[in-house]
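Here are a few short notes for a first look. Please read them with the model open beside you.

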Amino acid sequence: MTYEPPITDYDHIVENCTCAFCGCNCDDLDYLVKDGHVVAVRHACRLGASKIMEDMDQRLLVPMIRDEDGELKEVDWDTALDTAAEYIANSIRPVFYGWSETSTECMKEGVELGEYIGAVLDNQATICHGPSLQAVQNAGYPIQTLGEVQNRADMCVYSGSNAMNSHPRHMARYAVFCRGYFRQRGRFDRTVVTMDPKFSDTAKMSDKWIGFEQNGDYGFYNAIRAVLKGKELYQDVISGIPKEDIYELAEEMKNAEFGVLFFGLGLTHTLGKQRNIDIAIKMVQDLNKFSKWGLTPMRGHFNVNGFNIFMAFHTGFAFGVDFCRGYARYMMGETNTIDLLVRKEPDCFMVIAADPGAHFPNGANQHLADIPVIQIDIHWGPSTELADVVLPGSFIAVECGGTSYRMDGVPIWMKKAIDKPETCRDDEWIVRELKERVMKLREEPNVLDAYEVNPNIL
Amino acid sequence: MEYILKNGIVYDPTNKVAGEKKDVMFKDAKIVEDVSSDAKVIDVTDKIVMPAGVDPHAHVAGPKLVVGRLYRPEDSRRGVTAKTKYIRGEAGFSIPSCPTTGYRYSRLGYGTVVEAAMPPLEAKHTHEEISITPNIDIPALPLFGNNWFCMEYAKENNLEDMAAYVSAMLKITKGYGIKIVNPCGSEAWGWGMNVHGVNDKAPYFDVTSKELIIALAKVNEMLGLPHSIHIHPNDLGHPGNVPTTLETLDAVKNIKKSSKATIRDQVVHCTHLQFHSYTGNSWKDAASGAEEVAKYVNSHDHMTCDVGQVTLDETTTMTADAPMEYDLFKISGLKWANKDIECETAAGIIPCIYSGSAPVSTLQWAIGLELFLHIDNPWQVCLTTDHPNAGPFIRYPRIMSWLMSSKRRMEMIDNGEVHKWAHKRTTLATLDREYDFNDIAIISRAAPAKIHGFADRGALTPGYRADIAVYDINPNEIDPSVQYEEIEKGFSNALYTIKDGQFVVKDKEVVMNKESQNIWVNVKGYEREEEKVINDIMPFFTQYYSVKWENYPVHDHYVSNPIVVDVER
């Protein structure tokens, strides 16, 4: 890493801004602003700072529509919005996907549009922490806020998560290095364990690395649970870990005063999928018989948790919510974006603040190429190549305000610091416009004349 | 717009109207004494007219509700209905989605619901949910019973700073009053422990639950808040907790009520008293302590309570009393969720199946009814299920039918709908008291409004908000003792529910999505003290909270349409 001299050439500082990158939602950033652009960011990690400062890199600046030759051509906002609204109004199985990098204020417009037209609303959880949500629905959800970890935790376990790379300030600001009320010496008062087949950067920072074998997660946690329940291990080596090490680790976990398990996609996306999280949750529940333990999924996008929370209080379900029958429906494997796309069900796809072009499996993207795709985003990406209408949004937490929910569920108001490019619009405005235009184009489908009590609550 | 509800049979206990045939008039959003000849006449001949219901304690919005919804899709699948011309689709039984909550309260004829536990750090979340819950006004009570600053102030007996802190926090969280949940116990849960009894100290903080309760009660009266302290005592749900409950209530009996709080009579409101009225040493020998507790209530007027009646349903329990939820997990093994909030509180959530065939559920069911029947003064007791802890709020009409019919209660005991513990371990079978419609109006609207100090609702007084419920029941013809099914049916779906002069329910159908309002208390005159206290706590806050101070308060953005209750110093 080369030395970079501090930036001194700026007009003013905006303090206490919130980082719109990962699920840590650090709300202590200072933006150094010059000529209406953020030229430097204090306190942020390299990931956050580069996203905020390079906001004009490959920026989508004007609304565009794909013409007959397959080229994206610049149009005015009215034309772009009308075209997009027509696509939505004329569809019978629209899917609105994304939402994790925008505000709950924007989601509110989205859910109104979705309920009106009968769309499926889904977010990135469907391809990242979806298995965690399934596991939570199976086994429970013992969590705590990050400040609780800071103040109390004397043992932090990272499992299948390389926080040093993916959430660079997580260890520094919330979990490991920071001084807590009961942990005044910070790092020295805590034991850090990384459980990962890979000797990651997080493992390098840890006191202990448990390098269980690939796909050995379930077996390993199962063994710990057995030990916690006082059982004897019959195999000498389990998931690549000698049984003596498992006994030792279980003892250490039992003796912690306050332990936390942070888990990432390494746990959700190996062989056992949601079963891995199931057993990790159950292990944490068992550990509470001896001391205090909690866990936190290391959510990726800054507001991916926000969408799940938002949908839960609006509709009762966290993600993959299907309104096509006039009421909310949720069924894993049926109402999730990937499943719908590989079954070639959707006939219109709106992607907002997400990049399916880069992240979806091939089969899903193939169907996207065949149907109208509306993109609302701030940067060019593979999804732009699939899009038929491109609507340039604005950068939440920099160019416009909004609410997001941190990985631990703490809501944060992300304030606006600079103006957006003149030709762009706020996500909330765009979705509201689409909603109003769709409402003019098509009468609301699937509306009952009168309320009918569902007998299963009598 | 002017309206006359003509020839209804009115129950308005605050104004001492008990079943008189008279007209109720309202103009725009207010109840009035008289209207012009242009007024629209709505014929409600021989139908029950009451002020709209007031729920003094329910969990309807906030972070722990959402954890419940996130992790119990099986609950959200109950009660699903499609959208209509007027309303959004519904989902959920014990933890319905926000719109569903609003619509269902409207059908019950309710207009105001107090959200009983708001963690200050996540108050924005609570207000986001309040803002999309239609048709009901929702004040929220922030949690102070395990707050680190409050524990420090209580230890030092520094009531001046504590008062300024509470006053500042009501502004910061847009809160209505002081909620205390398992004082010191939820802090102990930070280390996986609990406190037992009021004289047990929180680890490290060196302060007892009793000291904290007394300090907060004094502060409440110093500030002159409209509501008293709202307490969930220690040892909830533990057999043998009666002494703890009584000690808690007795600790504050000599505190003088503020002269500014003109509406309420009490200095302490004890919530879900049913969960705090058990005798015995374990569930093996547990029995009802309702008679003893009710005797205390009958002889003390410094307190009020709500019951937390078990409705014998499958529900989702959720409370800031997190250690108790872990105890439940150890008993039932069902999926357990927990949510600790830094420096402030904790919460636990677990599904719970109350069944009439189970001895413990039956005992709890019977104790709740015993409390209703043993407590003589209905103004001291409110109808709640501690929604969703003892059952969902949509069961209120069923509880009303139980209270109005001794026959029905005996039938349940005799025909085995409930376990034999109901008559073996409680006095329920010996009680033949029956509530009348006026009593029902007291426990479901007049008393809760008085207890919370609402000066604009809970009665049909001219000048009050036009929050009115009309039920399709003819009190002169019905015999509630026998026709309990009709009672439940009638109260389950109001003929009209009027909120702020607008018909949110018309002909038993919800026809409106009216924006809800948050009610919060703005204490004036402590500005300088508040500033000092905030300066004092700032170094601590900066170091040990995981958000910046600037991002801590609930910004006006989240409470777009509040009702602000000003309290002058």
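Is the crossing of helix 3 of chain A and helix 13 of chain A left-handed or right-handed?

1. The crossing of these two helices, helix 3 and helix 13 of chain A, is right-handed. Keep in mind that this is a predicted model.

2. Now the geometry. The axes of helix 3 and helix 13 of chain A come within 10 Å. They cross at roughly 45°.

3. Helix 3 of chain A brings A:Thr104, A:Met107 and A:Val111. Helix 13 of chain A brings A:Gly306, A:Phe307, A:Phe310 and A:His314. By class, the contact between the two helices has four nonpolar and three polar residues, with no charged ones.

4. Turn to the interface between the chains. Here 61 residues of chain A are in contact with 57 residues of chain B. Several elements of chain A each supply at least two residues to the side that touches chain B, among them helix 3 (104-117), helix 13 (304-315) and strand 8 (140-144). Helix 4 (130-139) and helix 5 (146-152) of chain A are also included. On this side of chain A, 26 residues are nonpolar, 25 are polar and 10 are charged.

5. A strand pairing also links the chains. Strand 8 of chain A pairs with strand 16 (residues 336-340) of chain B. The sense is parallel, and the pairing runs over five bridges. Which residue of strand 16 of chain B is the bridge partner of A:Gln144? The partner is B:Asp340.

Key:
Residues are numbered from 1 along each chain as its sequence is written. Chains are lettered from A and ligands numbered from 1 in the order in which they are written. This is a predicted model: local features need pLDDT of at least 70, side-chain atom pairs count only at pLDDT 80 or more; totals for chains, interfaces and linings use all residues. Two residues are in contact if their C-beta atoms, placed from the backbone, lie within 7 Å. Helices (H or I, at least four residues) and strands (E, at least two) are DSSP runs, numbered from the N terminus. Ala, Val, Leu, Ile, Met, Phe, Trp, Tyr, Cys and Pro count as nonpolar, Asp, Glu, Lys and Arg as charged, and the others, Gly among them, as polar. Two strands pair if DSSP finds at least two bridges between them. Axes are lines fitted to C-alpha atoms, for helices over the stretch in contact, and angles run from 0 to 180 degrees between N-to-C directions. A crossing is left-handed if the near helix is turned anticlockwise from the far one by less than a right angle, and right-handed if clockwise.
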